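Dear colleague,

Please find the structure below.

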Amino acid sequence: MISRLQFPPPCILLLFPRSSPPSLKPSGNPNFRSPRFTVTINTQFSGHSGTATSSDSGILFREKILYLENHLHVDSRKAFQQNPDSRSATLSALKSVEVCLSSMGLELSAVGRVLDMYPQLLTSDPEYDLYPIFDFLLNEVRIPFPDIRKSIIRCPRILVSDLDLQLRPTLLFLRNLGFVGLNAITCQTTMLLVSSIEHTLLPKIKYLESLGFSHKDVVNMVLRSPGLLTYSIQNNLVPKVDYFLGDMKGDLLELKRFPQYFSFSLERKIKPRHRLLVEHGLSLSLSRMLKVSDGEFTARVIEMRLQSATADG
């Protein structure tokens, strides 16, 4: 016989603050949705042992491949290779992961991208592996429910990060550093939570301090430009500091005022614009040189050249 099993609503008890009584929706999250579909499971088996025949198994496996490839747009070969357990997982188990992610606001295309990036999620248990992460984001990080989707899309790695060994300690470190109040972690800076304190965050802070900035200066810089804590020291910070202090003969005070300098491409934006200014004997502050579009920058250079020519005349 063919039976239809309706998935129960996600384990929303996990999404309540510890002191709140359970209700039909997470506290303060009116957009929490119930699962969008039911799963049809073929329970008709051949033989007297109650087990499926090899033909049945082949059909079920084919259905799973079609679900991954055509519905989620997940590379099934990569998924089975990186997560061998997904080969034997039931189709209903895979669909329960989609239910979980979609209940937190992710559209189907986003669910597919996340699962393609991290195939280990295909065999995760939503109740024990995923909803606790959502609970952490909602009730500990205090990210509003509508922004949970943005957090996951920006940093799907958070779904495969250890809650007690990675996420909570890093949140505490960041809050102690100053990511509180108006500077609190948001969906824009969720990626900081998956960074290693010892191998990623502290080395960036120490490097900036080694340039001559005080600890207070560095804290203010990373609060204004949190990306500083995610950039590679060797591939990003060092080359840009060397160019700024060497070719541009810049002052560290200007970097302190405009730490966003490190977010711009050295080869595609910083060097070409600086060299154009030098060519025409012009100068601009870092913010005025970098924050505008190419068209606005060109117009600004032309205007400065005309002003200079008028003054000389």
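This is a predicted model: local features need pLDDT of at least 70, side-chain atom pairs count only at pLDDT 80 or more; totals for chains, interfaces and linings use all residues.

Residues are numbered from 1 along each chain as its sequence is written, and side-chain values use heavy atoms, leaving out hydrogens and water.

**The core.** In soluble globular proteins, nonpolar side chains tend to be buried together. A nonpolar core is a set of buried Ala, Val, Leu, Ile, Met, Phe, Trp, Tyr and Cys residues joined through side-chain atoms within 4.5 Å; buried means under 20% relative accessible area, exposed over 50%, and partly exposed in between (1.4 Å probe, protein chains only). The largest such core here has 85 residues, and L159 is among those with the most contacts inside it. Its largest share, seven residues, comes from helix α6 (residues 126–139); helices are DSSP runs of H or I with at least four residues, numbered from the N terminus. Contact means heavy atoms within 4.5 Å. Leaving aside residues up to four places away in sequence, L159 touches L101, V114, L121, L130, I133, F134 and I152.

**Helix α4.** Eleven of the 13 residues of α4 are buried, including L91, L94 and L101. At 1.5 Å a residue, helix α4 (residues 91–103) should span 18 Å, and its end C-alpha atoms are 18 Å apart, which agrees; the expected span is 1.5 Å times one less than the number of residues.

**Charged residues.** A salt bridge is a side-chain nitrogen of Lys or Arg within 4 Å of a carboxyl oxygen of Asp or Glu. The structure holds eight of these salt bridges. One of them joins D116 and K78 (3.3 Å, N to O), linking helix α5 (residues 108–117) with helix α2 (residues 76–82) across 38 residues. In another, the closest N and O atoms of R168 and E140 are 2.7 Å apart. E140, D164 and R168 are linked in a network of salt bridges. E267 and K271 also meet in a salt bridge (2.9 Å, N to O); E267 counts as exposed at 53% relative accessibility, whereas K271 is buried at 16%.

Yours sincerely

How values were computed. Helices (H or I, at least four residues) and strands (E, at least two) are DSSP runs, numbered from the N terminus.
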